[in-house]
Amino acid sequence: MIEPGSLNLHLEAITHARILVLGDLMLDRYVYGAVERISPEAPIPVLKVGREQAMPGGAANVARNIAALGGRASLIGLVGADDAGGVLKRLLDSEPRIAANLVVDAGRLTTQKVRFVAGAQQLLRADTEQAHPSSETVAGALLEAFDREIATADLLVLSDYAKGVLSDAVLSAVIERARAEGKPVIADPKSVRFERYRGVRLLTPNQHEIAAATGLACEGDGAAAEAGLSVVRSCGIPAVLVTRGERGMTLVQSGEDPLHLPAEAREVFDVSGAGDTVVATLAVMLAAGADLPEAARLANLAAGIVVGKFGTALVHPADLAAAVHARTVTASSDAKITTLAAALERVAFWRGRGERIGFTNGCFDLIHPGHVSLLQQARAACDRLIVGLNTDASVRRQKGPDRPVQDETKRAVVLAALGAVDLVVPFEEDTPIDMIKAIRPDLLVKGADYRLDQVVGASFVQGYGGRVMLVPLVPDNSTTGTIARIGRGAG
């Protein structure tokens, strides 16, 4: 079990963590659009392009995840002398918590992955790459950059995508030098020759990679543990974390019982970059003082969050904290309590499936049958219901210093436990108008004690063809009335 108090201490400590990341850099491009017809030239869909997006991938995505979680990353890798390399450099230069040390290799192309997406469906991926080992001159430049950075790092991450940066010579040299500096090493392997990574503290293969390396199947918990133990024994690596997709993860440590962690994701939107998120979370949590089992649990939780987002996505401290709070109180990992940015990613996915989005808001202090009735009626009129929840500060400004009775975490957890609610999004402002404008719900719901002209966001929603619904109230149910009756009883 992950304790919220322990997580908060680690999240505070992460801000001081310095992680050195060495590995294969990539540029991830996404081309988003809609498919409305089949090509007359061949039986293939025609993608009408709407927008394009570029972001750092591969080892650079590990660094982005470290920065998103609050740590600082020094990144070392190769780019070509081409436009893609220039784009990648500009993107990394815009990241204040990443110090990028990019070695330019004029003899190679910058690795690119271009994904074509219609709605929530990835149609095609096109790769541009040259996966050959670096020359001695380029390898020397990589090692010089490594020597400049390793002394100030807390931990080294090797992100191996088999594109040529981590040649045998570079790999053995950096592991030896990191160990001489007393710096732990995490390696995310691509090569099936796991003996290349001898000397690292932790290896993080997926089930296909470890099956190929050991010749052992990894279909069940016992088989995954056996394969991990085989690597620990044969390669002298103290710990192996096998990532197993929908089956979760298995941590094997020398001299310890295997730890099996079930998958946390409930809706999988996109698995791009999930392995990078796992490695980044392990790195910052270990640097922040977590032990390996706790770091693995948090990495597993982070993986469940990131596959619920679009693209090469990131996990933020608020995402982890919300998920941990939800799991602690409700014994559920649905992570319905989320930020607006994360909610917008869910909304985009749901809309891609043709689902109608409903929205309501309130303080929801001491939830009573009237609240439940409103939420149930709202959910019956849409496919997904998002609840905007006033934070404690927002409630106090509206209802006085003695409110709320329940703090925002408790109120959010209770709302998230209701089957009618799909997401809970806290907001600090006095009204949810900014949230409504961002979400653009198909349905806006309030109680019938409001007139239409009193409903915040009503004219905006109606302006683009949305619907506003006023729900009949359940008689004799209000939080204020309940508090008053409790006060009279106490007197």
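This is a predicted model: local features need pLDDT of at least 70, side-chain atom pairs count only at pLDDT 80 or more; totals for chains, interfaces and linings use all residues.
Colleague: Thanks! And how many aromatic pairs are there?

Modeller: The count comes to three aromatic pairs. One of them is Tyr30 with Tyr32, a stacked pair with 5.9 Å from centre to centre and 10 degrees between the planes.

Colleague: Are those two tyrosines, Tyr30 and Tyr32, buried or exposed?

Modeller: Tyr30 and Tyr32 are both buried.

Colleague: Back to Phe460, then. Why is the pair of Phe460 and Tyr464 called edge-to-face?

Modeller: The ring planes of Phe460 and Tyr464 stand at 80 degrees, with the centres 5.3 Å apart, so the pair is edge-to-face. The cut-off for that label is an angle over 60 degrees. Tyr464 is partly exposed because its relative accessibility is 27%.

Colleague: Which residue lies over the face of Tyr464?

Modeller: That's Arg440, at 4.2 Å from the ring centre of Tyr464. Tyr32 has an arginine over its ring too: the charged end of Arg51 sits 4.1 Å from the ring centre.

Colleague: Nice. Let's switch to charges. How many salt bridges does a search of the whole structure find?

Modeller: The search finds 21 salt bridges. One of them joins the side chains of Glu129 and Lys163, at 2.5 Å from N to O. The two partners come from distant parts of the chain, 34 residues apart. Glu129 is in the loop between strand S7 (121-128) and helix H4 (136-149), while Lys163 is in the loop between strand S8 (155-159) and helix H5 (168-180).

Colleague: And is Lys163 buried or exposed?

Modeller: Lys163 counts as buried, because its relative accessibility is 13%. Glu129 has a relative accessible area of 34%, so this residue is partly exposed.

Colleague: Which residue forms a salt bridge with Arg196?

Modeller: Asp160 does, with the closest N and O atoms 3.6 Å apart.

Colleague: New topic: where is Leu91?

Modeller: Leu91 is in helix H3 (residues 83-93). Its relative accessible area is 23%, so Leu91 is partly exposed.

Colleague: What is Leu91 in contact with, leaving aside its neighbours within four places in sequence?

Modeller: Those contacts are Leu27, Ala54, Met55 and Pro56. Pro56 is 35 residues from Leu91 along the chain, and the C-alpha atoms of the two are 6.9 Å apart.

Colleague: What about the nonpolar interior? Which residues have the most contacts inside the largest nonpolar core?

Modeller: Those are Leu75, Leu282 and Met285, in a core of 57 residues. Helix H9 (residues 292-306) gives the most to this core, with ten residues. Apart from it lies another core, of 40 residues, including Leu22, Ala145, Val174 and Val185. In soluble globular proteins, nonpolar side chains tend to be buried together.

Colleague: And what does Leu75 touch, not counting residues up to four places away in sequence?

Modeller: Its contacts include Val21, Leu25, Ala59, Leu92 and Ile98. Asn101 is also among them.

Colleague: Last bit, the overall picture. How many helices and strands are there?

Modeller: The protein has 17 helices and 18 strands. Of its 491 residues, 53% are buried. The accessible surface comes to about 21,100 Å², with 51% of that belonging to carbon and sulfur atoms. Among contacts between residues at least 6 apart in sequence, 70% join residues at least 24 apart.

Technical notes. Residues are numbered from 1 along each chain as its sequence is written. Side-chain values use heavy atoms; hydrogens and water are left out. Rings of Phe, Tyr and Trp (its six-membered ring) pair if their centres lie within 6.5 Å; planes under 30 degrees apart count as stacked, over 60 as edge-to-face and the rest as tilted. Buried means under 20% relative accessible area, exposed over 50%, partly exposed in between (1.4 Å probe, protein chains only). A charge sits over a ring if NZ of Lys or CZ of Arg is within 6 Å of the ring centre and within 35 degrees of the ring normal. A salt bridge is a side-chain nitrogen of Lys or Arg within 4 Å of a carboxyl oxygen of Asp or Glu. Helices (H or I, at least four residues) and strands (E, at least two) are DSSP runs, numbered from the N terminus. Contact means heavy atoms within 4.5 Å. Accessible areas come from the Shrake-Rupley method with a 1.4 Å probe; for residues, only the protein chains shown count as cover. A nonpolar core is a set of buried Ala, Val, Leu, Ile, Met, Phe, Trp, Tyr and Cys residues joined through side-chain atoms within 4.5 Å.
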